[in-house]
Amino acid sequence: MLSRVAERVYWMARYLERAEKTARLINVHTALLMDLPGRMEINWFTLIRLFNAEKVFSEHYEWGNEANIMQFLIADTNNPSSLATSLANVRENVRTSLDVLPEEIWEQANQIHLLMTNSLPRIADRYARQIFLREVMKHCQCIRGALDSHMSRDHSFDFMQIGKHLERTDMTSRILEMTSLLLSDDRSDTLRKYDGILWTNLLQALSARQMYLQHIHSRVEGASVMRFLMNDTVFPGSVGYSLAAMSRRMRYLPDPDMPMTMAQRVLEHSQAQDVGAIPAEQVHTLMDYLQSELGVLHAEIAKTWFYPDRSGQQQTQGL
Amino acid sequence: MKKEWNQYDPGALYDELIAAVHQPREASYKLVEYLRHLTPERFRQCVQESEAVIREMGITFTVYSDAGNIDRAWPFDIIPRIIPAAEWDCTEIGLKQRIRALNMFIQDIYNGGKILKDGVMPADIVLQSKGYRQACIGMTPPHGVWANICGSDLVRHSDGVLYVLEDNLRVPSGVAYMLENRNITKRVLPEIFNTLPIRPVSNYPAQLYEMLASLRPDLDDPTIALMTPGIYNSAYFEHAFLAQQAGLVLLEGADLVVGKDEYVYMKTIKGLERVDVIYRRIDDDFIDPEVFREDSMLGVPGIMRAWKAGKVAIANAPGCGVADDKVIYAYVPDMIRYYLGEEPTLPNVPTYVCRRDEDREYVLEHLAELVVKPANESGGYGMLVGPHSTPEKVEEFRTLIQEDPNNYIAQPTLSLSVTPTSCETPHQERIKIAPRHVDLRPFILSGKDIFVTPGGLTRVALVEGSLVVNSSQGGGSKDTWIVGDVVEGEEV
């Protein structure tokens with residue numbers, strides 16, 4: 001398969017994952033804020049911090065209120081990780097790799113595009129916004145379903161799986177990083193009262209609540225949620241699962257040694273400490289480190305398969 | 001919709017579906033009856049459904065403008081254009097005859113030029129043609145075929161005869177829209193397919209693949225690629241669509257390199273892999289900066305060497321544009337007689353070649369009635385349409401022709417046929433069915449065998465009275481049906 005096409009399907013899967021996760025995160029966060037009293041450490045701006053977007057946001061907006069933050073995270077194309085940017089990138093990458101994808105994917109991408117065109121002007125309204133975000137999630141799942149049931153398990157599929165898992169790990173680590181900050185020992189007493197709700201919402205944001213309840217047989221509490229999301233070996237949203245899945249996929253690709261070694265190393269580092277037992281500050285450091293290692297892993301993938309003749313070339317997409 | 005159809009009147013123009021007021025042509029009878037019995041609400045629903053399908057299927061074309069390039073939804077009219085099967089069979093024979101002669105001509109002029117030596121046509125016309133490529137001299141592509149994909153433009157005059165207006169031999173486009181138009185019709189008018197034997201068009205991608213594979217008869221399973229100039233090209237949608245439908249590797253010049261062994265390779269995740277056949281959707285000028293335009297960023301350095309060494313097949317062959325020239329067009333009937341010893345089945349539009357004294361004299365006397373075209377332009381640039389022009393413009397062309405007669409041809413102004421077209425947007429109260437001018441672009445594939453699409457792409461000028469069918473200038477398109485004889489009482 002063409003290196004250029006490999007790069008496009010890889011990014012298609014990354015943006016698809018990012019879009020779905022972003023939509024879900026915003027919906028869950030909105031629901032969470034409805035449960036919490038006002039004037040807390042958790043507010044709309046928490047989402048901006050989660051995406052490390054404080055700087056870009058302040059360049060374009062004066063106030064960190066709901067309207068501005070929703071506009072920025074959902075509709076603003078100045079924001080490289082906004083939902084609109086991610087979905088536009090999904091469509092663009094589908095458009096340029098139509099020859100390797102099942103036909104329905106293009107139709108789905110167009111439907112999302114039409115949905116965005118019609119819905120973006122109305123997202124200031126919470127009701128319309130939630131419906132829109134649900135629709136986005138549904139379309140993302142449709143695409144994933146069509147890929148899953150209609151695509152041969154060829155290299156295009158391998159690259160999509162790798163992209164999906166890399167993005168998923170990245171999103172999970174961002175959410176865990178943010179949670180660790182919120183749950184640090186010096187948090188307010190008001191917030192402490194809502195610990196349980198917070199952890200439940202965290203699980204929901206990662207579509208993990210039901211599986212957690214099924215498999216962990218424990219009430220929702222910090223240490224076991226952290227362990228579940230970092231170390232669980234059968235839940236497909238855990239960091240450990242995703243990283244292992246990536247190196248399994250890489251084995252099918254030509255000359256996988258360098259990226260596989262790197263993926264293995266990231267996996268080991270991520271599993272080395274018991275996240276349920278260490279203080280919040282250390283969780284934060286660990287997640288920071290994980291994110292930077294994911295960056296290195298991406299560079300290794302690009303060097304090996306996308307730009308084999310021009311090592312050191314920067315990626316052309318992404319953050 | 002009875003009222004709308006009862007009022008329909010093409011006047012003195014030739015109409016593709018209607019012979020006279022209240023009188024559909026035989027092949028169109030069932031379609032017109034079906035449409036007559038739709039309520040205006042149902043018809044409007046069909047139009048809306050077709051628009052939704054187009055947006056969902058992402059069928060777009062690109063309009064270049066100062067404000068950047070915009071992808072617009074493909075303009076489509078749901079009333080099909082019908083051609084009776086018996087007439088089409090003759091047309092198909094004529095198209096095959098014509099492409100055989102054209103390919104023999106290109107092969108001849110790059111290999112000795114017998115036709116020129118025998119004085120059938122003047123040598124300088126060919127040698128001065130913008131599409132003539134010295135780099136191709138002595139070359140014989142597989143099966144001696146140069147123009148593998150041809151999209152001829154046919155028009156019907158008020159005499160009811162289909163004429164060949166031009167032979168598009170370089171990189172003709174539109175076939176994806178022909179295929180998509182049929183898909184849309186199947187979704188919005190599904191019932192009608194039960195009552196009429198409509199020839200299917202869906203076989204084109206498979207035929208395209210087979211034709212391309214036949215260019216490497218030495219290989220069992222050649223690797224075939226479609227080379228696009230990229231997403232900014234106005235036909236990118238078609239490139240991606242054809243690659244997807246026919247199973248070709250979609251790639252750009254930058255994905256290819258020519259090796260020391262003169263094979264062409266694509267850059268893959270496994271390293272370099274050989275490409276055997278390239279369906280290029282990029283002009284000669286840009287294909288190889290080593291040979292043609294040095295500044296081309298779209299092409300592949302060395303690809304001409306690979307082609308001449310027979311290590312890669314290129315469709316259409318470089319240099320085939322020589323036969324796609326307005327002056328050379330005038331000689332196609334002579335070519336058919338010369339190479340095939342046959343009379344042309346499909347007529348040319350009568351053409352006056354200004355380099356001939358008597359033709360020029362006639363042209364200068366009748367300028368205000370004629371269409372004047374320069375030899376090497378396409379897309380309607382640099383033309384004079386006498387009856388729709390000003391006296392100043394006519395005088396300007398008089399001077400141009402006198403100064404450079406070799407560069408001009410002239411043709412009588414044709415009265416293009418019309419066909420019923422829905423003319424109001426669904427949001428307006430009334431739907432009007434009105435006559436609009438159409439042309440037809442069938443596609444002809446030539447490799448080991450010749451294949452002609454049943455019908456082709458019908459383009460329609462949506463503005464009343466307009467003859468401009470280009471989608472960038474207010475043109476639309478229609479599904480085109482080749483309809484066989486209907487046996488009464490038989491389900492199709």
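Analyst: In this predicted model, 5 residues of domain 1 of chain B are in contact with 6 residues of domain 2 of chain B, two residues being in contact if their C-beta atoms, placed from the backbone, lie within 7 Å. On the domain 1 side, the residues that touch domain 2 of chain B comprise 2 nonpolar, no polar and 3 charged ones, where Ala, Val, Leu, Ile, Met, Phe, Trp, Tyr, Cys and Pro count as nonpolar, Asp, Glu, Lys and Arg as charged, and the others, Gly among them, as polar. Domain 1 of chain B covers 88-164 + 202-340 and domain 2 covers 352-412, with bounds that come from an automatic or database domain assignment; their C-alpha centres lie 30 Å apart.

Chain B also meets chain A, in a contact that takes 21 residues from chain A and 19 residues from chain B. On the chain A side, helix H6 (103-119) and helix H1 (3-35) are the elements that give two or more residues, helices being DSSP runs of H or I with at least four residues, numbered from the N terminus. H6(A) gives the most, with 6 residues, and the chain A side as a whole divides into 10 nonpolar, 5 polar and 6 charged residues.

As for conventions, residues are numbered from 1 along each chain as its sequence is written, while chains are lettered from A and ligands numbered from 1 in the order in which they are written. Local features need pLDDT of at least 70 and side-chain atom pairs count only at pLDDT 80 or more, whereas totals for chains, interfaces and linings use all residues.
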